[in-house]
Amino acid sequence: MGILVHSLRVDDLEQPLGLDSDSFRFSWRLQGGSRDTYNTASQIWIATNRQMLLEHGMADVWDSGKLSNRFQHMQYKGPRLQSASRYWWKAAVWDASGVIAYSEPACFDTGLFEDNWTHAEWIWNSNEVQTNDYAYFRKEIVISRRVHYAKIFMSAHNTAQVFINGKRVGGYGSPAPTNPLKRKYYVAHDVTSDLAEGKSCISAIAHYLGGSGQNYINGLPGFRLQLEVVYEDGARQTWGTDTSWDILRELPRPSGAAYQQNRRISAVDIYDARKVVPGWQLPDLEQSAVEKAVIAHIPAAEWRMMWQELPEGAVEEVIIPREVTPKGSGIGRQVFDTGKIVSGWPGIRLEGISGVKLRMRYSEDLDAEGFVKHNVCNEKSDSYYDEYTMRGGEGAETWEPDLSYKAFRYVEMTGYPELILPGVHLNIMFAHTNIDCVGTFRCSNELLNEFFDAAIQTQKNNVLGQTVDCPHREQAQYLADSDLQAELLLYNFEARSTVEKVLSDFADSQLEDGTFPFVYPANYEHADFNLQIPEWDLHFCTLMWKLYWSSGDIRVLERYYRTAERMISYFFTTTDPDNGLVPVGKGWHISDWPYPTVEHSSSFLTVQNIKLMQATQIAADAARLIGLHAEANTYSQLADNLRSSIIKHLYDPEQRRFIDGLGSEATHQGVNGLALYAGLVPAADTAAVTEYITGTEWQARTVLSLPMLRAMFENGKSDEAYKLISREQYPGWGYMLRQGAKTLWEGWDDKESHCHAWNGYPIRLLQEYVCGIQAVSPGFTDVRIRPFFPAGLRYAEASILTVLGPIHVRWEFEQLTEAGALIHLKLSIPSGASASLDLELLQPDNANVRVSEYGGTEMRPLASIGRKMELSSGQYNLYIRTFRES
């Protein structure tokens, strides 16, 4: 069996629908019939139709020529592609023996380039700007002949849903929020199969927020759409939004509705089905129901259109809730339990009774009487509900308040005079940004399996068009929260576009002095959100580096290095000339969160200075990789100088501990864990600091526990780190789970948010340090498998996704004697990667180790140097025996 070339992608996307950048790269994965499969050369062809590639091997767009290297990717260097078009490509690779293998063709579409939005203007319902406004648009078109290819390109501010002849096109929450003055996302949809000869009607429901809320930019209301049609005879036709489009005169949703949260994130969806114009989404509507749209106030030339790589929202699961109505209540007021906190919305199907108002109230919690609390997380709200007024008449009425994401466990239904049955009349739509979860973790400790499930559920709840801190109270994108979430995201989800959106949003937000708002997108100018967190700014660099390290794509550093450099430069302009440290400055300083115990009275905080040193070293490494060697040297020197100042002024050599800040007498476990992980502890004192960290009652909170746990795993305290992750007592993750949590809390305490995704990173640590899957080089081209076998854990297994393909590890451990153990280890290393097996953590450390492989019929020994051995790509079925010579 030869090489199979598969999983063709462009910019790490499978068959993307809207590439509108001139810089993109192709990639592929390999599957070999033998081990150590890799390509020594590759070639790409791009053509305007599939048959040209299949039948003739021709490329009328670009032929890369044969390039000799081991990369499983190639940068596009051909001519500028045509806007709104489909292209086909295939790859060929040569293996080490010179055998060539071809992929099947795959397609990708270009987006609507900025200078091609010629037929579409921004339109709205009037010239008046109102908060929580809606516009219902429609346009009748005539398709004159058979369609070969048709694409819709759509944007709105803030969001819109599009339909063709009443059938929904696309997902939810589109487009995702950005700063429209820097980039305005549009989405693209293939509608070829939706357009037949004859009349069709394009319709849309658009929603403008405008309330100066926490997780979007006010901007101006508008809707923009362009439809590109290519007929089978090659002719093209284009339609776009303009003043020929109709708007409904009367709407089922009123403008000016209240916001559901104190942070003004989403509107109460008040829907009156009696006001719906029958057939408004179909051709031949009575014209008395409509009037003409107007040109919106949006300055089109200033809103740069950009295709949204981030997937749209989708319903992952339809959940049948359980009724938990308190005794003594019933018809007219019922309570339903989803079983866990989910993002999404309810869906109803009920016999219509004209004028009946059905209210759906949401919460994480129930009150003392068993009804849904009037709150959003820990903040009081009487308006966290949606309301539907029935049309009445024959038959059932269906409705979903799907213009925004809610997050809840409980739903209280009031106002309907008959019994509502779960699964018959009420379902819950669990919905989120449609990123695939491909990572796995399972082990013999059921608590940790529950932890994995809760972490994945929590993470899905918190990707809602942006990487949010929580899905209900704020739905806001923070740098520190995103950085912590990236641990889980980049090992377990198809999350590159999700993580990169955080970087691009904050790059767009950067203030004149180089710093960032505390969340973004946001209405930073509003007093409610005019806030900064200096320590959070520094997470921009670590997040950038994680994305680069995961993807191996140098373009990540090229895109965001300048943003990082400007931010770091600001901090160094504030350096104290006497001690070389950066002082407390503007904003709200946070060393740890939530409910921190780090002492904060000093003008020079240890955590801020350590994080600045880390960010500066990342900037130096990034500059060197993208060829800016003089800047790399400058930042290396700055990092070294700051490192020396931190050790000189913030390290107590007598106690052999870092203090919380200059002049402080307080020391903190989390602060010292961060310092140890950052490589700041003097070599002679490493053991003492490590003992202090592991011997102290757990002080670190969510933010500082991550570097602390990494420091423990990497400094000979794997057992202690594992025990913290797996403990059931307070504080800790196991404590949450033992209280019945199905999603992860904001902190250790049962209060405030019960769905905070930044607490999911221990799953990554289990995959990385217990199963042992570790990247040695960017993009996982070099991998180390370094498993740790905690006492009492009989087996553990994990799969993670890399750009080269999945890596899978499973080990089973059996203790035979005090010094004798048998480990069955199964490995799968993707083609194109090199790997090493490191058994240094196998106890006792003075035992002999013998590694053998089962080949189907017999065992054969494998060569190793001590407890380490080199592996190539492929599947391994290993048996490892520890023993002492008699």
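Is Leu8 buried or exposed, and what is its relative accessible area? Leu8 is buried, with a relative accessible area of 10%, where buried means under 20%, exposed over 50% and partly exposed in between, with a 1.4 Å probe and protein chains only. The model is predicted, so local features need pLDDT of at least 70 and side-chain atom pairs count only at pLDDT 80 or more, whereas totals for chains, interfaces and linings use all residues. Residues are numbered from 1 along each chain as its sequence is written, and side-chain values use heavy atoms, with hydrogens and water left out.

The chain contains 15 helices and 46 strands, these being DSSP runs numbered from the N terminus (H or I of at least four residues for helices, E of at least two for strands). A compact globule of 886 residues would have a radius of gyration near 29 Å, and the chain agrees with this at 29 Å; the radius is taken over C-alpha atoms, and the globule rule is 2.2 Å times the number of residues to the power 0.38. Along the principal axes, the C-alpha atoms fill a box of roughly 95 × 70 × 60 Å. Buried residues make up 61% of the 886.

A contact requires heavy atoms within 4.5 Å. Among contacts between residues at least 6 apart in sequence, 73% join residues at least 24 apart. Leu8 is located in strand S1 (residues 4-10). Beyond its neighbours within four places in sequence, Leu8 is in contact with residues including Ser27, Trp28, Trp89 and Ala106. Leu8 and Tyr259 are separated by 251 residues in sequence and by 44 Å in space, C-alpha to C-alpha.

Aromatic pairs were assigned to rings of Phe, Tyr and Trp (its six-membered ring) with centres within 6.5 Å; planes under 30 degrees apart count as stacked, over 60 as edge-to-face and the rest as tilted. The count by this rule is 43 aromatic pairs. Tyr136 and Trp280 form a tilted pair, because their ring centres are 5.1 Å apart and their planes lie at 45°. Tyr136 belongs to strand S11 (residues 133-143) and Trp280 to the loop between strands S20 (270-272) and S21 (290-292), so that the pair links distant parts of the chain, 144 residues apart. Both Tyr136 and Trp280 are buried. The pair of Phe789 and Trp811 is edge-to-face, with 4.8 Å centre to centre and 70° between the planes. Phe789 is in the loop between strand S38 (782-785) and strand S39 (795-802), and Trp811 is in strand S40 (residues 805-815), so this pair ties together parts 22 residues apart in sequence. The relative accessible area is 12% for Phe789, which is buried, and 0% for Trp811, also buried. One aromatic cluster is formed by Phe24, Phe26, Trp62, Tyr76, Tyr87, Trp89 and Phe108.

Arg710 is placed in helix H12 (residues 702-713) and is buried, with a relative accessible area of 5%. Not counting residues up to four places away in sequence, Arg710 touches Glu487, Tyr677, Arg764, Leu765, Glu768 and Tyr769. Helix H15 (residues 761-770) is mostly covered, with 10 of its 10 residues buried; among them are Arg764, Leu765, Glu768 and Tyr769. Gly772, which follows H15, has a positive phi, near 95°.
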